[in-house]
Amino acid sequence: MKKLLYYLMGVMYVLAGINHFIVPDLYMKIMPPYLPYHRELVEISGICEMICGILLLLKPTRRLGAWLTVALLIAVFPANIQMAIDFYKQNNPYLPVAILRLPLQFILIAWAYSYTKEKSPV
C-alpha cells in the first residue's frame, strides 16, 4: 500500500503541474493580488509541482521530493486562502469547497512530510 501511495503522490503532482499549463487561468484567478507576475508564478509553480512529482517517483530522490513538496505546499497556501476570500466576497456557491481545501492542504503537507523521515520501501 505504501508503494502505491508513493506513486499516487508523484503522479498527482506531475498531473497537477501539467494542469497549470493547460488551464492557467484557473490558477491566475486565485493568485493573491499583492504578488506580482501572476502568469509567471503560475508557470513556475506548475514546473515545481512536476519536478516534485518526478522526484517522488524516483527512489533515490524520494526524500528530497518529499521535502520540496512540503515547501511547495506551504508556498502556494496563500493562493488557497485567496480563493476562499474571493469566493466569500463573491457569494460563490463553491465557498464550502474552498474552505475545505484549507485543512486539506495541511493533510497534503503531513502526507509529504511522512516521506521525509524514512527510507523508501520501494
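Modeller: A salt bridge here is a side-chain nitrogen of Lys or Arg within 4 Å of a carboxyl oxygen of Asp or Glu. By that rule, this predicted model holds one salt bridge.

Colleague: What makes the contact between Arg39 and Asp25 a salt bridge?
Modeller: Their side chains meet at 3.7 Å, N to O. The cut-off is 4 Å, and the pair is an Arg with an Asp, so the pair qualifies as a salt bridge.

Colleague: Which parts does the pair tie together?
Modeller: Arg39 belongs to helix 3 and Asp25 to helix 2, so the bridge joins parts that are 14 residues apart in sequence.

Colleague: Why is Arg39 called partly exposed?
Modeller: The relative accessible area of Arg39 is 33%. Buried means under 20% and exposed over 50%, so a value in between is called partly exposed. Asp25, with 45%, is partly exposed because it falls in that middle range too.

Colleague: How do you know that Tyr37 is exposed?
Modeller: Tyr37 has a relative accessible area of 61%. Tyr37 sits in the loop between helix 2 (24-28) and helix 3 (38-57).

Colleague: What is the phi of Tyr37?
Modeller: Phi of Tyr37 is near 55 degrees, a positive value in a residue other than glycine. Asn91 is not a glycine either, and its phi is positive at about 55 degrees. Asn91 is placed in the loop between helix 4 (62-89) and helix 5 (95-114).

Colleague: And why does Asn91 count as exposed?
Modeller: Asn91 has 70% relative accessibility, and the label needs over 50%, so Asn91 is exposed.

Colleague: Now the interior. What makes a set of residues a nonpolar core?
Modeller: The members must be buried nonpolar residues joined through side-chain atoms within 4.5 Å. The largest such core has 12 residues, including Tyr6, Tyr13, Leu56, Leu73, Leu108 and Trp111. Helix 1 (2-22), helix 4 and helix 5 each give two or more residues to this core, and helix 5 gives the most, with four. Another core, of nine residues, lies apart from it, with Ala79, Met83, Ala84 and Leu95 among them.

Colleague: Which residues does Tyr13 touch, leaving out those up to four places away in sequence?
Modeller: Tyr13 touches Glu49, Met50, Gly53, Leu56, Thr69, Leu73 and Leu108. Of these, Leu56, Leu73 and Leu108 are listed in the largest core along with Tyr13.

Conventions. Residues numbered from 1 in each chain as written. Predicted model: local features only at pLDDT ≥ 70, side-chain atom pairs only at ≥ 80, totals over all residues. Heavy atoms only, no water. Buried < 20%, exposed > 50% of the residue type's maximum accessible area, 1.4 Å probe, protein only. Contact = heavy atoms within 4.5 Å.
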